[in-house]
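Biologist: Can you bring the model up? I want to go through the packing and the charged pairs.

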Amino acid sequence: STERLAALSDGIFAFAMTLLVLEIHTPAAPAIHQESDLLHAIVELGPRFAMYIMSFLTLGIFWTGQQTQFNQLSRANRDLTWLHIAFLSLVCLMPFSTSLLAEFITFRYALLFYWANILLLGFFLYVSWRYAKHASLVRDDADQDVVCAIEGRILTAQGLYAVGAALCVIDTYVSIAFIVMVQLNYALAPRWPFRRM
């Protein structure tokens, strides 16, 4: 049933989101001798805090997207279940790609690895929805506005993430700032006049 799949998803998302914060380690006590040392050590953790926030937003957005899909389904089948398990395997990868980017924040390959993680998350979310529609797993009484908007939102988001990744040619910080703006747009969901959802 979709309820059991959603329960598995909730557990994995919760675990992955918790792992994100575990990558932020407190400063080593032997290196701290005065207040200024502690302040300097906290400032040096800035990239890790930034990546934590960015990735927490990422996982929150994908969790919301997956739950929106589940809400439109009447049932699941074996193939859809495995598509979502593949999606969840990439959720589990997010703490690693976050840690890699936090450690090597100025390296383009670290940013591209992070983006690839997001790209594959979007790919499996998109494919699972297309499959659900093709296999007639969508509820008969599903809101047609939502059904139509799901694919468009995934494709739009992935296009914007790709633009963000491409900006690493200029600078990785520019790229990260753009990705965060995309995430804030989807997390806060402002009602733009040209957007139906």
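The chat below goes through the core, the aromatic rings and the salt bridges.

Modeller: Keep in mind that this is a predicted model.

Biologist: Fine. How many residues are in the largest nonpolar core?

Modeller: The largest nonpolar core holds 45 residues. Those with the most contacts inside it are Leu-59, Leu-73, Phe-87, Val-91 and Leu-101.

Biologist: Which helices supply at least two residues of this core?

Modeller: α1 (2–22), α3 (46–71), α4 (78–103), α5 (108–134), α6 (144–166) and α7 (172–188) each do.

Biologist: Take Leu-59. What is it in contact with, leaving aside neighbours within four places in sequence?

Modeller: Phe-13, Ala-16, Met-17, Leu-20, Val-91 and Met-94 are in contact with Leu-59.

Biologist: Switching to rings. How many aromatic pairs are there?

Modeller: The structure has six aromatic pairs. One of them joins Phe-13 and Phe-87, with ring centres 6.1 Å apart.

Biologist: Why does that pair of Phe-13 and Phe-87 get the label it has?

Modeller: The planes of Phe-13 and Phe-87 are at 45°, so the pair counts as tilted. Phe-13 is in helix α1 and Phe-87 in helix α4, 74 residues apart, and the pair links these distant parts of the chain.

Biologist: Is Phe-13 buried or exposed?

Modeller: Phe-13 is buried, because its relative accessibility is 1%. Phe-87 is buried too, also at 1%. Phe-13, Phe-62 and Phe-87 form one aromatic cluster.

Biologist: What about Phe-123 and Phe-124?

Modeller: Phe-123 and Phe-124 make an edge-to-face pair, with centres 5.2 Å apart and planes at 85°. Phe-123 counts as partly exposed, at 46% relative accessibility.

Biologist: Now charges. How many salt bridges does the whole structure have?

Modeller: A search finds four. Glu-103 and Arg-48 form one, with the closest N and O atoms 2.3 Å apart. The pair links helix α4, which holds Glu-103, to helix α3, which holds Arg-48, across 55 residues.

Biologist: And how accessible are Glu-103 and Arg-48?

Modeller: Glu-103 is partly exposed at 49%, while Arg-48 is buried at 17%.

Key. Residues are numbered from 1 along each chain as its sequence is written. This is a predicted model: local features need pLDDT of at least 70, side-chain atom pairs count only at pLDDT 80 or more; totals for chains, interfaces and linings use all residues. Side-chain values use heavy atoms; hydrogens and water are left out. A nonpolar core is a set of buried Ala, Val, Leu, Ile, Met, Phe, Trp, Tyr and Cys residues joined through side-chain atoms within 4.5 Å. Buried means under 20% relative accessible area, exposed over 50%, partly exposed in between (1.4 Å probe, protein chains only). Helices (H or I, at least four residues) and strands (E, at least two) are DSSP runs, numbered from the N terminus. Contact means heavy atoms within 4.5 Å. Rings of Phe, Tyr and Trp (its six-membered ring) pair if their centres lie within 6.5 Å; planes under 30 degrees apart count as stacked, over 60 as edge-to-face and the rest as tilted. A salt bridge is a side-chain nitrogen of Lys or Arg within 4 Å of a carboxyl oxygen of Asp or Glu.
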